[in-house]
Amino acid sequence: MDFLGECEVLTLQAPAGPLRKAKVSPDDVYLFQTGMSSIYSVHQYLLSVYNAKSVLFGYAFHSTPHVLEDFGPGFKFLGVGSPEELIELETYLKEEAKGGNKIQAVYTEFPSNPNLSTPDLTQLRKLADRYGFLLIVDDTIGSFCNIDVLGAADIVLTSLTKSFSGYADLMAASAVLNPSSGRYSELKALFGKLYSNQFYNRDAEALEKNSRDYMARSAVLNNNALKLVEYLQVLAEDPNSSVKKVYYPTTLPPRSNYEVCIRQPTADFTPGYGCLFSFEFDTIEATEEFYDNVNLHKGPHLGAHLTLVLPYVKALYGKELDKVAQYGLDERQIRVSVGLEETDVFSRAVKAADGLKTKN
């Protein structure tokens, strides 16, 4: 099966809700060289027609707000993605409408990176229908074998570099048009006019090969992440532990925002919550102790076959910690992308950090 056909099958398999009459076809899947290339390109396509402001709802990968800010008339950033910010978003939309303005799109990650919050796609969809903007959902963190966001999104963006490829040896992304969207014909014509396939053939061949065990790997990634999260959550509830908080769809309210989009289980795959989580220590010293003692690879990638850890906030936002603190980002946090290994090496490093607290 070719790669686009494989994407088609995965978008149809076990939807979160009732079967849809309009099916995603290979012609609805557009390939890009990188995740940021897909975001930039889609943003440019929309600007060419609407040239209007956008909204980023919830936190996102470091470069996404820069694309929305640096190209076009600007954007509004609601970086927590909370119910309170949904109210703020609607107030903003009303004010824009009074002035005769309409935003072109709301972008959101599902869940968000790095704090794993999950936006309310049902309410965002209602606002999109009411105020006429496009809802664009990046499902990279949840991964589309686990979640089905086509019940809400007009366009689904995915960094295929991550768990779909799974071996950290190539870069790729996709944009999928939702044929059930009321804006589908409009978007199809726009992509038909502006999209140019510049995806390298050899990368496509490697991506197809890597993706053959995507479901099997995802089952292990889901299981490993959930086990570690459950272990850390027990510690977070222990006042004697250095672990303060765990960030994962199962530990953050409202969990229902994620589960309304989780795919139905099948005979060969039970969807889960993805490979990425973050957790926070109570002191910088404990964070350093963990990072110095954990015998795992360090790096900013996610979805690979090997576990990767990173003090993500400190590494990416070290010069603007006060600015990002309002969105719940803290330098005491560690972001973890689990791999396919056994998980005991991780728990030993956490115990070392807890040992530091006991000494003090």
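Two strands count as paired if DSSP finds at least two bridges between them. With that rule in hand, this predicted model can be read as containing an open sheet of seven strands, in the order β1-β7-β6-β5-β4-β2-β3 and with mixed pairing. There is also an open sheet of five strands, ordered β8-β9-β12-β11-β10, again with mixed pairing.

- In the five-stranded sheet the edge strands are β8 (243–247) and β10 (297–298), each of which pairs on one side only.
- The strands β8 and β9 pair in the antiparallel sense over four bridges, and V246 stands opposite F279 in β9.
- Helix α8 (residues 214–236) packs on the sheet and touches β8 and β9, with its direction at about 145° to that of β8.
- Helix α10 (residues 284–293) lies across β9, β10, β11 and β12, and runs at about 130° to β9.

**Strand β12 within that sheet**

- Strand β12 is joined to β9 (residues 276–281) by five bridges, the two strands running antiparallel, and here I334 of β12 is the bridge partner of F279.
- Strand β12 also runs antiparallel to β11 (residues 308–310), to which three bridges join it, and V309 stands opposite V336 in β12.
- Five of the five residues of strand β12 (residues 333–337) are buried, so this strand is largely enclosed by the rest of the structure.
- In a regular strand the side chains alternate between the two faces of the sheet. In β12, Q333, R335 and S337 point one way while I334 and V336 point the other way, and all of them are buried.

- The buried residues of helix α5 (residues 121–131) are L121, L124, R125, L127, A128 and Y131. Seen down the axis of α5, these buried residues fall within an arc of 165°, so they line one face of the helix.
- The buried residues of α5 pack against β2, α4 (83–98), β4 and β5, whereas D129 and R130, on the other side of α5, are exposed.
- At the start of α5, a side-chain oxygen of D120 reaches to within 3.2 Å of the backbone nitrogen of T122, and just after the helix G132 takes a positive phi of about 75°.

**A buried aspartate in a loop**

- D148 is found in the loop between β5 (134–138) and β6 (155–159), and its relative accessible area of 3% makes it buried.
- The side chain of D148 reaches the backbone nitrogen of L150 at 3.2 Å.
- Leaving aside its neighbours within four places in sequence, D148 is in contact with P15, A16, G17, R20, C261 and R263.

**Aromatic rings**

- The count of aromatic pairs comes to 21. In one of them, the rings of Y59 and F77 have their centres 5.6 Å apart and their planes at 55°, so the pair is tilted.
- Y59 lies in the loop between β2 and α3 (64–70) and F77 in strand β3, so their pair ties together parts that are 18 residues apart in sequence. Y59 counts as buried at 6% relative accessibility, while F77, with a relative accessible area of 24%, is partly exposed.
- Y248 and F277 form an edge-to-face pair, at 6.4 Å centre to centre and with 85° between the planes. Y248 lies in the loop between β8 and α9 (256–259) and F277 in strand β9, so this pair ties together parts that are 29 residues apart in sequence.
- Y248 is buried, with a relative accessible area of 0%, and F277 also counts as buried, at 0% relative accessibility.
- Ring pairs link F110, Y248, Y258, Y273, F277, F279, F281 and F290 into a cluster.

Conventions
Residues are numbered from 1 along each chain as its sequence is written. This is a predicted model: local features need pLDDT of at least 70, side-chain atom pairs count only at pLDDT 80 or more; totals for chains, interfaces and linings use all residues. Side-chain values use heavy atoms; hydrogens and water are left out. Buried means under 20% relative accessible area, exposed over 50%, partly exposed in between (1.4 Å probe, protein chains only). Contact means heavy atoms within 4.5 Å. Axes are lines fitted to C-alpha atoms, for helices over the stretch in contact, and angles run from 0 to 180 degrees between N-to-C directions. A polar contact is a pair of N or O atoms within 3.5 Å; within protein, one must be able to donate a hydrogen and the other to accept it, and residues adjacent in sequence count only if both atoms are side-chain atoms. The arc is that of the directions from the helix axis to the C-beta atoms. Rings of Phe, Tyr and Trp (its six-membered ring) pair if their centres lie within 6.5 Å; planes under 30 degrees apart count as stacked, over 60 as edge-to-face and the rest as tilted.
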